[in-house]
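Here are my notes on the model, point by point. Please read them with the structure open.

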Amino acid sequence: MRLLILSDVHYPYTDEAVLLDILREEKNADKIIFLGDNVREDRNGPKFLDLIKKTRDLKDVVFIRGNHDGEAIPCVDSFELILNGEKLTFMHGDQFKIGSEGSTHKFGSILKKIHRELPVLAFATVARIKHQNKSGEYLILGHSHALASFRRLRVVCVGCLTNEKSLYNEKGYVVIKSEGSEFNLSLISLGSISESPNTRVDHITAEKVWDSSRS
Ligand SMILES: [Mn+2]
C-alpha cells in the first residue's frame, strides 16, 4: 500500500505543472489524499477535477474538506485508515481552531521569530491535545502550510502546493508506504517558494522520517 498525500493546493493559485509532475511521479500510489483547501474558489472546482482526471481515476482519490473548500468538489471531513495495525486519521486541521488567520497569524509570526518551528509545533500540539481520546492515532494534517513531523506527538504536517503566501510556504507532500508489517512515512520537500520559485519535482529531496517499527 502506497499513499500520496497532498495539501493546500488552493487551486488555481498553484503551479499546475508541478502538481501534474507529482501525480505522474507517484503513479504507483494506490490512493491519493488531498488534505483540504483543495480549491480556493468554488467556481474552479470542475477545472481542478479535470486536471486530476488527466492522471488518475477519481475512485482512487479522497478529497478532504478545508476551510476554503466549498461545494464544488465532493469532500469528506476526515478519512481514517488502518495501516499495519496503526490507525491514521487524515484531517485538514482547521477544526482545531489554531491556525494562520487573524490574531493567531500575528501570534504565529511572533513565535516564528523566536524559532521558525514554534508555530507549527504549537499547531501540532493543540491538535494532539484536542484529539487526546485517540492519542494512539497518527494525525496527518494540512492547514499550517508547514512540512514537518513530530514523532512523539504522532502528528505530521503535509506542507502545501499553493503559491499564496502564508505563515509557512513549505511546498511539499508526504508519501506513506507499508512494507511487510511496518509502514514508513516520507516528507518530500519542494523547497520554499521564496527561495526557489521554479522548483520542479526532479529537484526533490526525500527524507525518510518515520518507521512504525521504531516509534
Ligand atoms: Mn490553506
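Which strands does α4 lie across, and at about what angle does α4 run to β8? Points 1 and 2 take this up.

1. Basis. This is a predicted model, in which local features need pLDDT of at least 70 and side-chain atom pairs count only at pLDDT 80 or more, while totals for chains, interfaces and linings use all residues. Residues are numbered from 1 along each chain as its sequence is written. Helix α4 lies across β6 (138-141), β7 and β8 (155-158). The angle to β8 is about 130°. Axes are lines fitted to C-alpha atoms, for helices over the stretch in contact, and angles run from 0 to 180 degrees between N-to-C directions. Two residues are in contact if their C-beta atoms, placed from the backbone, lie within 7 Å.

2. Helix α4. It spans residues 118-130, 13 residues in total. From first C-alpha to last, α4 reaches 18 Å, close to the 18 Å expected at 1.5 Å a residue. That expected span is 1.5 Å times one less than the number of residues. Its buried residues are Pro-119, Val-120, Phe-123, Ala-124 and Ala-127. They cover an arc of only 135° around the axis, so they sit on the same side of α4. The arc is that of the directions from the helix axis to the C-beta atoms. Buried means 20 or more other C-beta atoms within 10 Å of the residue's own; exposed means 12 or fewer; partly exposed is in between, with C-beta atoms placed from the backbone.

3. Overall make-up. The protein chain has 4 helices and 11 strands. Both are DSSP runs numbered from the N terminus: helices are H or I of at least four residues, strands E of at least two. Of the 215 residues, 40% are buried. Among contacts with a separation of 6 or more, 67% join residues 24 or more positions apart.

4. The open sheet. Five strands form it, in the order β4-β5-β6-β8-β7, with mixed pairing. β4 (78-83) and β7 (147-150) are the edge strands, each pairing on one side only. The twist averages 15° from one strand to the next. β4 and β5 (residues 86-91) pair in the antiparallel sense over 6 bridges. Strands pair if DSSP finds at least two bridges between them. Ser-78 stands opposite Met-91 in β5.

5. Helix α2. In α2 (residues 45-53), Gly-45, Phe-48 and Ile-52 are buried. These fall within an arc of 65° seen down the axis, so they line one face of the helix. Pro-46, Asp-50 and Lys-53 are exposed on the other side. The cover over the buried residues includes β3 (61-63).

6. Core. The largest nonpolar core has 53 residues. Such a core is a set of buried Ala, Val, Leu, Ile, Met, Phe, Trp, Tyr and Cys residues joined through C-beta atoms within 7 Å. Ile-5, Leu-6, Cys-157 and Val-158 have the most contacts inside it. Leaving out residues up to four places away in sequence, Ile-5 touches Ile-33, Leu-35, Ile-140, Val-158, Tyr-173, Val-174 and Ile-176.

7. Two sites to check. Met-1 is in the segment before β1 (2-6). It counts as partly exposed because it has 13 C-beta neighbours inside 10 Å. Met-1 and Phe-183 are 182 residues apart in sequence but 9.0 Å apart in space, C-alpha to C-alpha. Ser-166 is in the loop between β8 and β9 (170-179). With 19 C-beta neighbours inside 10 Å, Ser-166 also counts as partly exposed.
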